Amino acid sequence: MNSINYLLLFLLVFALFLSFFKTGKIARIAKTFRILITLFGILFFGYWFFQKSLNKFLEKSMSIQVINRLNQPIDFYAIKVINKDKNQFLSKHIGNVRTNHYQIEYFDMSNSNEFWIVGYLPKNKMVYFTQHSVINKEADQKIEVKNYLNQSLKLSEKAEEVIEYLKLGNIGQSVIVTLTLLLLFLNIVLLTRKKVSSH
């Protein structure tokens with residue numbers, strides 16, 4: 001999705017450039033391209049938001065249910081370990097889980113036998129880290145967090161690096177998405193304004 005987002009960002013900038021052509025045959029061709037690019041943007045974001053709104057369930061995936069039994073909300077992350085030696089991980093933000101509540105995340109474990117659960121206090125302080133081996137990939141996992149725990153200082157440091165990378169990626173994606181949406185809005189306004197002024 002990120003590569004399509006970057007492509008769309010470039011196309012929308014190009015569409016704004018095409019809006020400078022006001023008259024003649026070139027203007028008609030430019031307007032056609034602008035309409036196609038704008039429609040592509042609307043369809044892309046429509047599909048993207050629809051996909052985001054669907055349940056996170058994946059076919060042939062293993063569910064990880066994290067239950068918070070601590071006396072305060074904890075922000076949880078799950079990390080699928082693909083290859084520790086090659087720094088290959090897949091991390092997901094489970095969410096901020098209140099006391100005696102739970103959240104569920106899904107992983108396709110076909111290329112992994114291990115996952116980690118990481119918990120943070122609101123001020124970004126890690127207070128929980130556990131390492132879990134997966135023997136039966138068809139059995140869903142249930143993790144009850146009852147104590148503040150760090151099973152491995154070395155692995156928890158690696159987990160923090162993985163989560164920081166995830167956060168930076170999310171920030172970068174948010175900036176690109178916001179900028180792309182702004183450009184899409186500007187293109188829609190320019191196309192609509194031109195249509196209104198032609199009557």
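Analyst: Start with a definition. Two strands count as paired if DSSP finds at least two bridges between them. This is a predicted model, so read every value below as computed from that prediction.

Now the sheet. Strand β1 covers residues 62–68, and five bridges join β1 to β7. The two strands run parallel. One of the links can be named: I64 has Q141 of β7 as its bridge partner. In general, strands of a sheet pair through backbone hydrogen bonds, and the pairing may be parallel or antiparallel.

The sheet is open and has three strands. Their order is β4-β1-β7, and the pairing is mixed. That puts β4 and β7 (141–145) at the edges, where each pairs on one side only. On average, neighbouring strands of this sheet are turned by 20 degrees against each other, direction ignored.

E105 forms a salt bridge with K92, at 3.7 Å from N to O. K92 sits in strand β3, while E105 sits in β4 (residues 101–107), so this bridge ties together parts 13 residues apart in sequence. E105 is buried, because its relative accessible area is 4% and the cut-off for buried is under 20%.

K84 is partly exposed at 35% relative accessible area, whereas E114 is buried at 11%.

A salt bridge also forms within a helix. E164 and K167 pair with their closest N and O atoms 3.9 Å apart. Both belong to helix α3 (residues 153–197); they are three residues apart there, which means about one helical turn separates them. E164 counts as partly exposed at 35% relative accessibility. K167 is partly exposed too, at 21%. In total, the model has five salt bridges.

Helix α3 also holds N187. This residue is buried, with 0% relative accessibility. Which residues touch N187, leaving aside neighbours within four places in sequence? They are L12, A15, L16 and T38.

Last, the surface. L7, F10, F14, F17, F20, F21 and I26 form a nonpolar patch there. Together they have about 750 Å² of accessible area. Helix α1 (residues 2–18) gives the largest share of the patch, four residues. F21 lies beyond that helix, in the loop between α1 and α2 (24–53). F21 is partly exposed, at 31% relative accessible area. It qualifies for the patch on that count, because patch residues need over 30%.

To sum up, the sheet runs β4-β1-β7, with β1 and β7 parallel and joined by five bridges. On the β4 edge, E105 reaches K92 through a salt bridge.

Notes. Residues are numbered from 1 along each chain as its sequence is written. This is a predicted model: local features need pLDDT of at least 70, side-chain atom pairs count only at pLDDT 80 or more; totals for chains, interfaces and linings use all residues. Side-chain values use heavy atoms; hydrogens and water are left out. Patches are made of residues with over 30% relative accessible area and no salt bridge: like charges are joined within 9 Å, nonpolar side chains (Val, Leu, Ile, Met, Phe, Trp, Tyr) within 5 Å. Accessible areas come from the Shrake-Rupley method with a 1.4 Å probe; for residues, only the protein chains shown count as cover. A salt bridge is a side-chain nitrogen of Lys or Arg within 4 Å of a carboxyl oxygen of Asp or Glu. Buried means under 20% relative accessible area, exposed over 50%, partly exposed in between (1.4 Å probe, protein chains only). Contact means heavy atoms within 4.5 Å. Axes are lines fitted to C-alpha atoms, for helices over the stretch in contact, and angles run from 0 to 180 degrees between N-to-C directions.
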